[in-house]
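Biologist: I would like to go through this model slowly, asking at each step what a term stands for. Shall we look at it together?

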Amino acid sequence: MIRIQKRKPIIDQHDKNYLYAGKFGGNFVPETLKKPIEDLTKLFNKLRKDKKFIKERDYYFKNYVGTPTSFIKLYNTSHQLGGAQIYAKVVSEANGGAHKIYNAIVHALICKHAGKKYIIGDTGAGYAGKMLSMAAKKFGLKCKIFMGTKDMARQKPNCDAIRANGAEIIPVDSGSKTLVDAVSECMRYWVSNCDTTHMCVGSTVGPNIFVKICAWSTAQISRELIVQLKEEFGKIPKKLKLINCVGGGSSAIGFWNSFMDYNKKQVEFIGVEAGGPKSSKLHAAPLTNKSKIGILHGAAQYVVQDKEGQISETASISAGLDYPGVSPLHCFLKDAKRARYTAVSDEEALAAYQLIAKNEKIRPSLEPSHAFAVAIKLAPKLSEDTIIVVNSCGDAKKDELILTKRLGKDHD
Ligand SMILES: Cc1ncc(COP(=O)(O)O)c(C=O)c1O
């Protein structure tokens, strides 16, 4: 039985080879990247304990990102569905419209501390790229964003924002032309430019240090939520379900991070992967579809792959979830049975988007719409004293093209 150690940050629960539970994660990188990764690991380990650095991080989180983001009750939806009470943590209020800003700010600060002037990153839904370009602009760094051409076409508003911030988009036209190829291309570029350039991985994936930095950055979400739950209920509710979509897994880890030591009977973590189109066998759900462990982007994890171990094509309406791998941290939480994972189809996510946008003041992007779909399914089956919180980690502005195509012009 795999155990999660109490009172030890989840990001530090790996062995000397940086493997979680001895099998997920690690540093499977080319020889040339060993030294830059070692240097980054040393620098981050120093900075994360440095009170001045934490003060700097918190300053920008408060004054640039605009934390804390709000925690609201979805009265209309809770009333309509009956059963559990549904709340949302509206992380999409953060500057730029999604949780990717936390990781971007921390990476830009690390880049400055490392004395580097160039920063590069990958993006799928475009938010990680948009946020990195914002952070680069803020701190005077030159920025390149790697993005699959399929994602560039479906997430145009975020591409426009990246360019408006002065960053260059490097189109990636290989493979599936999505996030998986963008990350590969970004890493390839870093191999040849790591002396002058800092790399930001846009989710809790990649070699161990990138998983750590990202999870450490998004943990801000759960720190705020603990305070907000105590304000609302006087204590952490006895039956609490925290539902989050999972692509690479950065928003979910951030949403759950500070709740790790609570008993799972009290605080349940539910991760929602992309089940893809209903009529297709393609999906982006390695944790829910009995995928085997493989190596992707420098780390061992559950990966959607064929019998020969080749990475399979994935499909999802949501560019942010359309990734064949998943964070080693989620593989660890799944095997330790601390979190439960499920998947919903594109159609279910669209229906959830419509219900929430019609009922409430928020318009969740297609990624969190996957999480709302599970909340909508579960709530009527649960008692009124159960509190469901969904991380509404992105805004639907970027999905306008897809929503109009799928639901018509007057879609809300
Ligand atoms: C709004 C939003 N939510 C979720 C995700 C999925 O990524 P992660 O699982 O790392 O949070 C993305 C990725 O781009 C995103 O833009």
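Modeller: Before we start, this is a predicted model, in which local features need pLDDT of at least 70 and side-chain atom pairs count only at pLDDT 80 or more, while totals for chains, interfaces and linings use all residues. Residues are numbered from 1 along each chain as its sequence is written, and side-chain values use heavy atoms, with hydrogens and water left out.

Biologist: What makes α4 oblique to α9?

Modeller: Helix α4 (residues 100-113) packs against helix α9 (residues 208-218) at about 120°, with the axes 8 Å apart. That angle makes α4 oblique to α9, because under 35 degrees counts as roughly parallel, over 145 as roughly antiparallel, 65 to 115 as roughly perpendicular and the rest as oblique. In the contact (heavy atoms within 4.5 Å), residues of α4 including Tyr102 and Val106 meet residues of α9, among them Phe210 and Trp216. By class, this contact of α4 with α9 has seven nonpolar, four polar and no charged residues.

Biologist: Why are α13 and α15 called roughly perpendicular?

Modeller: The axes of α13 (residues 346-359) and α15 (residues 400-407) cross at roughly 100° and come within 12 Å, and these two helices are therefore roughly perpendicular to each other. Glu347, Leu350, Tyr353 and Gln354 of α13 make the contact with Leu403, Arg406 and Leu407 of α15.

Biologist: How many cavities of 30 Å³ or more does the structure hold?

Modeller: The structure holds one cavity of 30 Å³ or more, where a cavity is a set of points on a 1 Å grid over the protein atoms alone at which a 1.4 Å probe fits but cannot get out, a pocket is an open set with protein on both sides within 12 Å along at least five of seven lines, and lining residues have an atom within 4 Å of a point. The largest cavity has a volume of about 300 Å³, and of its 32 lining residues the closest to its centre are His99, Lys100, Ala125, Ser250 and Gly320.

Biologist: Which residues lie nearest the centre of the largest pocket?

Modeller: Arg3, Ile4, Lys6, Ala336 and Arg338 do, out of 13 residues that line this pocket, whose volume is about 300 Å³.

Definitions and conventions
Axes fitted to C-alpha atoms, helices over the stretch in contact; angles between N-to-C directions. Helix = DSSP H or I, 4+ residues; strand = E, 2+ residues; numbered from the N terminus. Nonpolar A, V, L, I, M, F, W, Y, C, P; charged D, E, K, R; others polar. Points joined across faces, edges and corners; volume = space filled by probe spheres on them.
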